[in-house]
Amino acid sequence: MTRDFLERFDASRPVIGMVHLPPLPGAPGYDVDDGREAIRERALKDARRLEAGGIDGIVVENFGDAPFYPEDVPTHTVAELTAIAAELTDAVDVPVGVNVLRNDAEAALSVAAAVGADFVRVNVHVGTAATDQGVLEGRAHETVRLRERIAADVAILADVHVKHAAPVGEDDIGLAALETAERGCADGVIVSGPGTGAETALEDVERVAETLSEHGLEVPVLVGSGVTSETLGDCLAAGADGVVVGTALKEGGETTNPVSSERVEELVAARGTAGS
């Protein structure tokens with residue numbers, strides 16, 4: 001039985017930072033001159049800065065691999081991610097999650113299980129979404145069964161009305177979250193804005209938290225985009241049980257830049273004043 005998602009963290013309302021990988025080998029933007037070693041060094045440096053600044057967990061994802069494969073990424077990408085994730089889990093003592101963009105939950109779960117990571121993020125776990133990769137359909141039935149089949153103690157953190165997409169079907173974000181948690185067996189749900197770094201509507205967070213609570217589901221709700229040191233307190237007050245932060249922790253507030261130690265410390269300090 002997979003542990004409660006929040007039990008994996010030392011903080012009751014965790015702040016999870018992002019390790020956005022540069023383009024991996026095989027992706028159009030891959031820097032052949034710098035090579036694999038530069039990617040791994042960058043990932044390790046970002047992860048260590050996040051941990052040193054007080055971040056409670058980390059998600060590593062192949063952010064630089066655009067344009068993304070809709071679902072099944074190539075085996076060489078899975079191999080690269082596994083090698084990098086293994087180094088990260090050895091380098092830090094906080095929980096590590098894996099996200100394989102755009103929506104390869106099988107690969108993410110397999111990598112996480114192999115390296116001893118704690119959770120995965122799945123962009124479309126249930127339902128259908130129209131995205132720039134085309135129409136994506138959730139495979140909760142496959143992902144949850146695969147987790148049992150390979151005996152992986154890995155939590156599933158699933159997006160609801162995921163960013164860079166439009167939902168096809170259920171447009172009530174509260175009901176979509178209910179189906180994700182109840183029928184999709186997700187261990188946590190993520191509410192985000194329309195795109196990377198975009199502010200998340202607090203009314204969406206409130207709607208999701210209230211709907212899950214009304215139905216007696218103790219499934220954590222996390223805010224997945226646009227969180228800054230200024231907005232963190234509002235997100236928690238709206239009912240979020242934690243946040244996933246990427247862009248706001250980067251140098252100059254640019255998503256593709258390295259992690260800024262100063263920005264990490266500032267955000268963690270804001271969480272302290274908002275209560276943990």
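The structure holds three aromatic pairs; rings of Phe, Tyr and Trp (its six-membered ring) pair if their centres lie within 6.5 Å, with planes under 30 degrees apart counted as stacked, over 60 as edge-to-face and the rest as tilted. F9 and F119 form a tilted pair, 6.1 Å centre to centre with 55 degrees between the planes. This pair links distant parts of the chain. F9 sits in the segment before β1 (15-20), F119 in strand β4 (residues 119-122), and 110 residues separate them. Helices (H or I, at least four residues) and strands (E, at least two) are DSSP runs, numbered from the N terminus.

This is a predicted model: local features need pLDDT of at least 70, side-chain atom pairs count only at pLDDT 80 or more, and totals for chains, interfaces and linings use all residues. Residues are numbered from 1 along each chain as its sequence is written, and side-chain values use heavy atoms, leaving out hydrogens and water.

F9 and F119 are both buried (under 20% relative accessible area, 1.4 Å probe, protein chains only; exposed is over 50%, partly exposed in between). Ring pairs join F5 to the cluster with F9 and F119.

Now the barrel. Eight strands close it in the order β1-β2-β3-β4-β7-β9-β10-β11, with parallel pairing; two strands pair if DSSP finds at least two bridges between them. From one strand to the next, the twist averages 25 degrees. β4 runs parallel to strand β7 (residues 155-160), joined by four bridges. V122 stands opposite A158 in β7.

Helix α5 (residues 173-182) lies across β7 and β9 (188-191). Its direction is about 160 degrees to β7; axes are lines fitted to C-alpha atoms, for helices over the stretch in contact (heavy atoms within 4.5 Å), and angles run from 0 to 180 degrees between N-to-C directions.
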